Amino acid sequence: MSGSAAFKDKTAIAGIGQTAFAKGLPETELQLACMAIRAALDDAGVDASEVDALGCFTQETTPEFEIARNLGFGELHYFSQVAHGGGAICGAIGQVAMAVALGIANVGVVWRSRKRGDPSKRQWAGVQPRIDDHWKWSRPHGLSRPVDEVAMMMQRYMHDHGATREDLAAVALAQRAYANNNPDALMREKPMDMAAYLDARMIADPLCLFDNCLESDGAIAIVVTRADHARDLCERPVLIHAFSQGMTREHQLMTDYHGADPFRSSSGATADNLWRQSDIGPSDIGVAQIYDAFSPLVLFSLENYGLCGRGEAAAFVAGGGMGPDGPLPVNTSGGSLSEVYLHGANLVTEGVRQLRGSAINQVEGVETCLVSTCDSTPNGALVLRR
Amino acid sequence: MIETIPLPTTDDPVDRAFWQGCMDGRLLVQNCNDCGHVQHPPRAMCPACQSMELGWKQTSGKGTVWSYTMPHPPLLPAFTEIGPYIVAVVEPDDFPGLRIVGALSNPEGDSIGGIDPDAVRIGTPVRLTFVQLAEDVALPCWFPAGAGIPPEKEMQQ
């Protein structure tokens, strides 16, 4: 058996589920997780007792045993957690898919439940008076939030490639326009134009409010089965074609300024190994869901995944490249900037809806989707296909 | 939410000498005694040769801005008070390829901040100073070379 033959197209995403998305929801994170997982199992047509594998984030607050004993799962045979927040969702799904493909487990559930609408829940607000890890090299200097760390990279990108704030605005504007069609999106009723973007208050130069993801509550769940099992459940399941995680040499979480080429991010490491396994190349991708906690990450990821040439992503998005009529529609639900911020789990479910043909901003005839995770952390990605 | 600027621990054996160097007015970068690999931030091991025999080299205190940002609220209370301020990634002129995160301050090192944003661009030459944040923490910061170097600081360098 050569390469990734043991994995390629052997598993499928058979079900997706989600709660309402809002600035504040009354349910607890455990309740939200249960609701999303129940919805995903219903969508798949799988009984809860069949689930024997779980995947989640190390940052997940709802532990596996609570999930299993609330949902009424059977005995579990595989459970894994993936670190690094925004970098984690594709790793969590890919690891469960590996366990299912290898026959270690039968049906897997991956979930993310989060209440972050309350400002006190923002991670950077929990900084301690003394720092003993790698953040000690940046936070005492006032580089205290993820947006500051990404702004540092964007400023350099603009300098290197002559990109402007108007170019970057195209990311937020394209995603807002998608969200305006999406009844589930937090920003469904809030159109935005270039003037509104340029007038917004700055958060960390050159990034303004609209370059930042939403702070929101909600939960999402995904059901993974063997591909043959999925075909019994529905006619055209969404197959997991290729998967990789990635971390560059000498990577430093979020403040990855110290390597020889800071713009060759962990997405580059993921991409090289992803495309090595994949029969589908970057130019064959019909729709992309690119992690977007901050809009520059979309530009950096487009380049690292080979969807745009180096230094060309800003011009690509400014020319409408990621919009509904562009060559590569990106973040078609509105993404983290305008639909909901759930550490990128909504990018996976939107990819599934696109390949089912049931997306609100459906890309006509689309058969392939790349889903990526956070460009500035250790990360991962999936190639999905019909 | 903490009220003060978050401080580094200074008693970790990996980087204790770095913070002591700052207290002595010297910015040190880690140097492998076995293979000569130079790195920042400090690590427990040399990734080039896996040696743990790691020493230090002093930088001249002259550098160039690789990038920068100006954070705006919402911020931790201590940074809200001193804003607007600029944080840069600086390449030390005598260790090309290394990059060091550093806040900008005035040449006297009175506090983070107090710099005209228009005085900072990518490529701006900067000079080292230290802002004393606690009895064990002198934070290595930078100011635009054009801002003028006080005579006593120039002598230290």
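**Chain folds and the A–B interface in a predicted model**

The model is predicted: local features need pLDDT of at least 70 and side-chain atom pairs count only at pLDDT 80 or more, while totals for chains, interfaces and linings use all residues. Residues are numbered from 1 along each chain as its sequence is written, and chains are lettered from A and ligands numbered from 1 in the order in which they are written.

The C-alpha trace of chain B spans about 45 × 35 × 30 Å along its principal axes. Chain B holds three helices and nine strands (DSSP runs, H or I of at least four residues for helices and E of at least two for strands, numbered from the N terminus). Their order along the sequence is β-α-β-β-β-β-α-β-β-β-β-α. Of the residues of chain B, 42% are buried, a residue being buried if 20 or more other C-beta atoms, placed from the backbone, lie within 10 Å of its own. Contacts are pairs of residues whose C-beta atoms, placed from the backbone, lie within 7 Å; among those in chain B between residues at least 6 apart in sequence, 56% join residues at least 24 apart.

Five strands of chain B form an open antiparallel sheet in the order E7-E6-E5-E8-E9, where two strands pair if DSSP finds at least two bridges between them. Strands E7 (100-103) and E9 (137-144) of chain B are the edges, each pairing on one side only. From one strand to the next the twist averages 45°; axes are lines fitted to C-alpha atoms, for helices over the stretch in contact, and angles run from 0 to 180 degrees between N-to-C directions. Within this sheet, E5 (residues 62-69) and E8 (residues 125-134) of chain B are joined by three bridges, and B:Lys62 has B:Arg127 in E8(B) as its bridge partner.

Chain A comprises 12 helices and 12 strands, and 60% of its residues are buried. Of the contacts in chain A with a separation of 6 or more, 76% are between residues 24 or more positions apart. Helix H8 (residues 266-277) of chain A reaches 17 Å from its first C-alpha to its last, close to the 16 Å expected for 12 residues (1.5 Å times one less than the number of residues). Buried residues of H8(A) include A:Ala269, A:Ala271 and A:Leu274. Their cover includes strand E9 (238-246), helix H9 (295-304), strand E11 (368-372) and strand E12 (379-385) of chain A.

At the interface, 32 residues of chain A are in contact with 33 residues of chain B. Strand E5 (130-131), helix H4 (146-161) and strand E6 (202-204) of chain A each supply at least two residues to the side that touches chain B, with H4(A) giving the most, six residues. That side of chain A divides into 13 nonpolar, 10 polar and nine charged residues (Ala, Val, Leu, Ile, Met, Phe, Trp, Tyr, Cys and Pro count as nonpolar, Asp, Glu, Lys and Arg as charged, and the others, Gly among them, as polar). H4(A) lies across E5 and E6 (87-92) of chain B, at about 110° to E5(B). E5(A) pairs with strand E1 (residues 7-8) of chain B in the parallel sense over two bridges, and A:Ile131 stands opposite B:Pro8.

Methods: Two residues are in contact if their C-beta atoms, placed from the backbone, lie within 7 Å. A residue is buried if 20 or more other C-beta atoms lie within 10 Å of its own, exposed if 12 or fewer, and partly exposed in between; C-beta atoms are placed from the backbone.
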